[in-house]
Structures are given as C-alpha cells and as structure tokens.
Amino acid sequence: MRIAVIGTALDRAFFETVTAAQQLRSMEDTLFLCAVGFSDEELERARGLKADCLTVVSTSGRGVDLTALSEDLVRQLTLETVLFPPVCGSDRTAAALACRLGGECILDCVELSRGERREVRVVKAAYASNARVCFTVNAPLCTLVPREKLYSPAVPGEGRLSVRRVSCIEKPALCVPDSVVAFEEDVLGQAELVVVGGRGVENTTDLELVKRFAHALGAAFGASRPLVMSGLAPLSLLIGQSGRTIAPRLCITVGVSGSTPFLAGISPASKLLAINSDPDANIFSHADYGVVEDYRVLLPRLMQSEG
Amino acid sequence: MADLLVCAKLVWDLENVLAEDWQTSQDEQSIPIDSVGKIMNTCDSNALELALRFQDRQAQDEVKITVLTMGDQRCRKMLTNARALGAWRSVRVEQTEEGAAYDSLRTARRLCEAIRLLGRFELLLFGISAGEYDMGQTGLLAAELLGVPVIQNVLSFDKAADGILIRYLTGDGEACTTIREPAVLTVGTPPDVYLRSPTLKAVMAAAKSQEEILELPVREDDRSGKSQDWIRIYQGEKTCQMLTAQEPQKIVELIGQLADQGEGTQ
C-alpha cells in the first residue's frame, strides 16, 4: 500500500500524523511524507523522520487549493491512503479529495490499524463519544484525519530521507479570510494541567475562586460554553466543539455538566478529574476521577492542603 | 433579497439516554436507544438560529429561509417548528426506499439534488456534525458537489456593503471574510447561540400548512453496499473512580501525581 502524509507546515499536528501513519504502515508499504510549501529549514528537519521518501511540493504562497493539489499528488504518486494533519481545513480537504476520486474519508480517527486482508481499519467515536465504531475501508482511496493531540509527535532522528521534488496543479483556494484576529498566546493549548470552569460558576466571585485554584496548581484556565455565554469568560478560553481542543496530562473540570460539544474539546486529555455537586452529572461518565461536592466548599480545602 | 437554506437532521436525543442504556446490541452493529425521543440535531438548530437572527436584522421579507431535511414522516414536527419560528418553506426528501444505504456522501448527493431543484441560495447552512455516527462530512461534501466554497465553524454572519460578512473560528483565531457568491457554512455550537422557542400561536398557525415532499429516484449507487464495513460498535471501558471530598490532601496528592506522570495515549 502506498501511504502519504500531506502537510503544509512542520508543526505538532504534522509530527502526530506521521506517528499515526507509521502505526498504520506495514513492512511492504511505502510511506511518503509530502511537504507542501515547507521552508528549507523545515525540510531539513523533516528529512530526519522515518519514512521512505520526502516529496517536496513548492507553492506560490498562501491561499492555495489544497484539494486540487492533493488530487494531483495522489495521481502522480498512485497513493492509496492519505493522512492529513488535524489542522483547520484538513477535514474539508480530506472529504473533498475522497469525493473526487471515489474514495472514502474518515475524520477524527482514534485508532488506525490493518485488517486480515491488510485493509485499513479505523476506530472513531460515535454516538456523541458514548461509543466507538470500528470499520474497514474498502475503497480504492482512503483519506484520514487522525484526532488532534492523540498521537505522540514523531521525533526527527539522524537519518536523512531522500528528497523528490514534484510540481503540482496550483489553483487558488475558493475562500480565504479577509482578516484573522489571532487568539492571544496559546497558553491553554500548551498546558499540561488545565482547570475548566462550567455552568456551575455563576458569578465573578465563583470565577475568582476557580481561577485562584487554577493559579495555585499552576494550571491554565479554560471555560465551557455557558461560562462564555454568561460573559464571565472570553471566547478565546472556550473549550469544546466550537472552541479549542486541549490535550493536557490532566484536565480538572469544575461545575461542568459534560455536554457532548464540551467533551469533544477535552477528548485528547490524558486524564479527567471532575468536580460537580450533582452525582448524576454526565461528566462523571467520561471522567477518570470524580468528586461529588460543591466546589465552593471543596476548592478552598484543596488550596489549603496544597499550602 | 437573500435566500438561505438550512439543512436539518432528526436525531436521537442523546443527552437524554441514561448511562445504563448505553448497551451495544448483540450483533454489535447498533445501540438500541429507541426509548428516547428524536430532536433536531443541535448543530443544525444552531444553524437555524443564526439564519433567523440574520432574518431578524433585515427588512421584512428580505430574507427567506428554507429548511430541508431527509427522512420519513417523523420529521414533520421538526419542520412545523421551523416554520413556526420563521422559516418560509420546509421541504422533506422522502426516505422510504428499501435497501438504500445512506452514508455521508449519499446523503450529501441526495440533498444536493434537492437543492438544485429548489433554486438558488445565497447561503447553505449545515450543522458541523450530527451526534450519531459523528462523521461530520455532509456539509463539506455538499459544498464539493455544488462547487461552492465552504466556511467552517461559523459564529455569525451579517449583510455588508459588498456581500455577506462571515465571522468564523479558525484553529488559532477568529477570522472574517466577505462572500459575494453562494457558499456552504457549517455551524457548531457558537457560545451565544441556542435555537429560540416558537409561540404556541405560531405553532398552531404553522401546523395548518405542511412541508413539501420531494420524491427523488434512488440512484443505483445508493443500492450497492457501502465502502465501509462496520465491524462492531462498542463502548470505551472508562470507569470513574469516585474520591471522597473529606480527604482533600489525598485529592491534592493525586492531582500532583497525574499532572507530573500523566501517560500519553498512544
């Protein structure tokens, strides 16, 4: 099988996707790393990754239609499985590419492996993360986007991949933003410990308490949708389906009920500790550890113990 | 005049499934959750709310909203509600064919056939995903099949001097773009967006009319097997270990251990 990772930047998402591709790959397969618009420095680093070939595609700049370019790459390299790093727009490219070439696309893959006939086998979350579904793909082309922050990033080594330069069809993207207001420094995205406040945080006094708790632990602070809706927290701190996805070692939720869109945003977290006064809160079905208690009582005690 | 189309799906109300009811069927091909009701998919209802807000800001009759769904008669209540809220028209693509297997692509194809019959729309709104199989592709594929751009994770949109200004989230910030041609917008759960409730009077008025029904011929492709073979559906094995609030020191120690020694997942 000819497998490729197609990426537009040598970032964490690219390295994670290389790991996913390496897990999918068997001895007989060929793994291409396709670097679209990488800088020379990025290319040099990428050469240290474990694969069979580094395919370099030069582009004229931003705003390139990645679907058209990938379609050309698939034809040139006769690819059968293509993985895209989980970054903004990848799902659109993966879905459109599969549609154009009669393939099958699976987004948000949590496990990738090979079946008995060496077909691609994928596990993904279903029923709002309450179940997982495992299926095999029987299409001539399979496009995949692994779940963000689930795989450990591949680390470049001493090896030096052979480089092949190709030119591809370059079309302008159908839609590019007029302006982007970047979120402030990505403290949440990088944090190993995150405290998230939810619906139970009802006013500024409560909010201060949760923030002080986060500060005492040296944790970053995030918010679920009701907290942002109430105006107590800014949009940049929103965690969930329409906000950010976080992957800390430990996520502590305070007064969060555990709605489906919120759970999507914390799914890559290694461990989840939930604090909620309602023993039937849905968050406990998804947590590793739970404390049933009013956080207004519990957090001061924890901070006291923390010293 | 702006014509907006909102695609809506009737889904199981998963938020109301009890923890003990998450049991996979014996053949491991489904989770029988028929005990809960069906509702409009949350992301689709947020898309409808954004469309209604856009309509509210324009002069009367300036914006016409069509709600399109695919399914059987169980969709009627959802469509009546949509009309009661201000949708001008509701259309249901009949889905009664035996043996047709609908995955994201086939659904998108059928919706696009219907959209082409219904006319030209400035904006086509889809929920980002539906909380059943969570494939999250129907809107993306519809854009591809219709040959129009797609803007994902839309927060709001409004009329601008030279088109429609769309506010949306990207991976690292909030972006704006003005579109002048038809586009697909996908909507997740923007922080201040919940579908409003219709008045009883409006529901009664809406109930006097019915949705339009489109019967489209089944394509040969739709009868053939899917290109994905489901092996099994299963549940994760996560169990929550409850800690006692009376031992804060133990909780603090555990937090310290987990934060320092958290394991990777792969």
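## Leu54 of chain A

Leu54(A) sits in strand E3 (residues 53-57) of chain A; strands (E, at least two residues) and helices (H or I, at least four) are DSSP runs, numbered from the N terminus. In this predicted model, local features need pLDDT of at least 70, side-chain atom pairs count only at pLDDT 80 or more, and totals for chains, interfaces and linings use all residues. Residues are numbered from 1 along each chain as its sequence is written, chains are lettered from A and ligands numbered from 1 in the order in which they are written, and side-chain values use heavy atoms, with hydrogens and water left out.

Leu54(A) is buried, at 0% relative accessible area. Buried means under 20% relative accessible area, exposed over 50%, and partly exposed in between (1.4 Å probe, protein chains only). Leaving aside residues up to four places away in sequence, Leu54(A) touches Leu33(A), Ala35(A), Leu43(A), Ala46(A), Arg47(A), Leu161(A), Ser162(A), Val163(A) and Arg164(A). Contact here means heavy atoms within 4.5 Å. Glu16(A) is 38 residues from Leu54(A) along the chain, and their C-alpha atoms are separated by 16 Å.

## Thr143 of chain A

Thr143(A) belongs to strand E8 of chain A. Its relative accessible area is 0%, so Thr143(A) is buried. A polar atom of the Thr143(A) side chain lies 2.9 Å from the backbone oxygen of Ala94(A).

Beyond residues up to four places away in sequence, Thr143(A) touches Val82(A), Phe84(A), Ala94(A), Leu97(A), Ala98(A), Glu104(A), Cys105(A) and Ile106(A).

## A covered strand

Strand E14 (residues 271-276) of chain A is mostly covered, with six of its six residues buried. Both faces of E14(A) are covered. One side carries Lys271(A), Leu273(A) and Ile275(A); the other carries Leu272(A), Ala274(A) and Asn276(A).

Strand E13 (residues 250-254) of chain A runs parallel to E14(A), joined by five bridges. Two strands count as paired if DSSP finds at least two bridges between them. Within this pair, Val254(A) stands opposite Ile275(A).

## Salt bridges

Over all chains, the structure holds 32 salt bridges. The term means a side-chain nitrogen of Lys or Arg within 4 Å of a carboxyl oxygen of Asp or Glu.

Asp108(A) forms a salt bridge with Arg147(A), with the closest N and O atoms 3.0 Å apart. This pair links distant parts of the chain, 39 residues apart. Asp108(A) lies in strand E5 (residues 104-114) of chain A, and Arg147(A) in the loop between strand E8 (142-146) and strand E9 (163-166). Asp108(A) is partly exposed at 29% relative accessible area, whereas Arg147(A) is buried at 9%. Asp294(A) and Arg296(A) form another salt bridge, their closest N and O atoms 3.3 Å apart. Asp294(A) is partly exposed at 26%; Arg296(A) is partly exposed at 32%. A network of salt bridges links Glu28(A), Asp29(A), Arg114(A) and Arg118(A).

## Where chains A and B meet

In the interface, 80 residues of chain B are in contact with 82 residues of chain A. The buried area is about 7,000 Å², of which carbon and sulfur atoms give 57%. Buried area is the accessible area (1.4 Å probe) that two parts lose on being put together, summed over both. One salt bridge is counted between chain B and chain A. Arg100(A) and Glu144(B) form it, with the closest N and O atoms 2.5 Å apart. The pair crosses from helix H4 of chain B to helix H4 (residues 90-100) of chain A. Arg100(A) is partly exposed, at 33% relative accessibility.

Between chain B and chain A, 14 residue pairs are in polar contact, both residues at pLDDT 80 or more. A polar contact is a pair of N or O atoms within 3.5 Å; within protein, one must be able to donate a hydrogen and the other to accept it, and residues adjacent in sequence count only if both atoms are side-chain atoms. Elements giving two or more residues to the chain B side include helix H1 (42-57), strand E9 (163-170) and helix H7 (248-261). H7(B) gives the largest share, 10 residues. Strand E10 (residues 179-182) of chain A pairs with E10(B) in the antiparallel sense over four bridges. There, Val180(A) stands opposite Ala175(B).
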